[in-house]
Amino acid sequence: MALLVVNLVLGLCMGGLAAPAPDTSKQIDLLMPHVQPKVPDTYLCHGMKLNSSETYITGFIPNANMNIAHHMLLYGCTDPGMKKPVWNCGEMAASSSEFDTAPTCASGPKILYAWAMDAPMLTLPKDVAFAVGGKTDIKYLVLQVHYKNVTTFLPPQNNKDASGLNLITQKTKLPRRAGVYLMGTGGRIKPKSTVYMETACKFKDDLTIHPFAFRTHTHSLGQVVSGYRIRDGKWTEIGRMSPQKPQMFYNATTPNMTVKQGDILAARCTMINDKDTTVRIGGTQYNEMCNFYIMYSVNGTEQVRNSACASLGPPVWSWADFQDGDMNLDAMPKTVSVVPGTTVALNETADTRLVHPARMAWGSYYEQLVNDGVITRDLSEYYLDLTVSVYP
């Protein structure tokens, strides 16, 4: 069926999405309105208001070049950060007086799609779609683009950019809803070291999800990112990939797997820092990131309530600090830190974790003091920050 292109109307307010006739497939263009950022590591957002009938997104076609757009994220929002054509949404990164500053979403943020490293288009499995607009809590789509290098926008080139996404949509309801579960860490990476950045959460929703794709994201220090479901002590791989490959959504390693209430989800980014300085998690090109995305489907319309899992990361948190169940670390696959296509595991450098004399990680130590009623949680967070400042 031919794809019809619907152009956004750009002006003083955000463009609207016109309601197509039922049972037709349409391509909706969500593109930056010829922006010209002047400051490196600028994050810009551009939004689209959805109409009162539900729309179903079945595919994503990137319209971007990695030499211009470092990465792009598509959010579904109940309310956008700002009702202007473009705003600065780089809360962790560079600020710019050219654009007003606001968060990506003012309320109800959900990540629908992510792109980097010239990843190709993504088509969702049959009968699976993201539902937006109508009675869903996604009333707006917001495109976020990270402009790492802005040379092309400065004199003498003075170029403008229209990076973004072409969304393949339809009005016909599909039986399975898509969603994205994001795992990430904070933390820092010591100079001249190999460090594991780890996170884990128990899946607490009374809902069964079906992971069908995964995506990894780090900056230049990431060597391999891997994610797992742990059920009754058994580890099952969701995905594992080098983040230096195109950062697309790849098919899940284990077909037809499920995640249900009580399972543990775990992810690790294996980082190598050959620099002479510490590198911290952050939003600029001089920082790092550690993200593992799980794209899943559910039968019916119910969605995961808490769609993110994060940890403090190194040097104060690792899988050994997980206290919401038994991860059975002895059964951890030997390939967690093996780059696909190679056979050698990347071993963590010794002394990259903060521990007190009893060899308990500081994060776990202060958590135990809270549980024992010795100190308050606020005080434990103060002590933890103080510990990290003393042992950089």
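Guide: On a 1 Å grid over the protein atoms alone, a cavity is a set of points where a 1.4 Å probe fits but cannot get out, and lining residues have an atom within 4 Å of a point. Grid points are joined across faces, edges and corners, and a volume is the space filled by probe spheres set on the points. The model is predicted: local features need pLDDT of at least 70, side-chain atom pairs count only at pLDDT 80 or more, and totals for chains, interfaces and linings use all residues. Residues are numbered from 1 along each chain as its sequence is written, and side-chain values use heavy atoms, leaving out hydrogens and water.

Visitor: How much space lies in the largest cavity?

Guide: Searching the whole structure gives two cavities of 30 Å³ or more. For the largest cavity, the volume is about 50 Å³.

Visitor: How many residues in the lining of the largest cavity are nonpolar, polar and charged?

Guide: Ala, Val, Leu, Ile, Met, Phe, Trp, Tyr, Cys and Pro count as nonpolar, Asp, Glu, Lys and Arg as charged, and the others, Gly among them, as polar. Around the largest cavity stand Y113, A114, A119, P120, M121, L122, Q247, M248 and F249. By class, that lining has eight nonpolar, one polar and no charged residues.

Visitor: And how many charged residues are in the lining of the second largest cavity?

Guide: Its lining consists of H219, S220, L221, K275, V279, Q285, Y286, N287 and E288. Three of these are nonpolar and four polar, and the charged ones number two.

Visitor: Why is β13 largely enclosed by the rest of the structure?

Guide: Buried means under 20% relative accessible area, exposed over 50%, and partly exposed in between, with a 1.4 Å probe and protein chains only. On one side of β13, Y140, V142, Q144 and H146 are buried, and on the other L141, L143, V145 and Y147 are too. The strand is largely enclosed because the buried residues number eight of eight.

Visitor: What is the bridge partner of C77 in β13?

Guide: Strand β6 (residues 71-77) pairs with β13 over seven bridges, in the antiparallel sense. Within β13, the partner of C77 is Y140.

Visitor: Is T185 buried or exposed, and with what relative accessible area?

Guide: T185 belongs to strand β15 (residues 176-185). Contact means heavy atoms within 4.5 Å. Leaving aside neighbours within four places in sequence, the contacts of T185 include M197, I281 and C290. T185 is buried, and its relative accessible area is 9%.

Methods. 1 Å grid on protein atoms, 1.4 Å probe; cavity = no way out; pocket = protein on both sides within 12 Å on 5 of 7 lines; lining within 4 Å. Helix = DSSP H or I, 4+ residues; strand = E, 2+ residues; numbered from the N terminus. Pairing = 2+ DSSP bridges.
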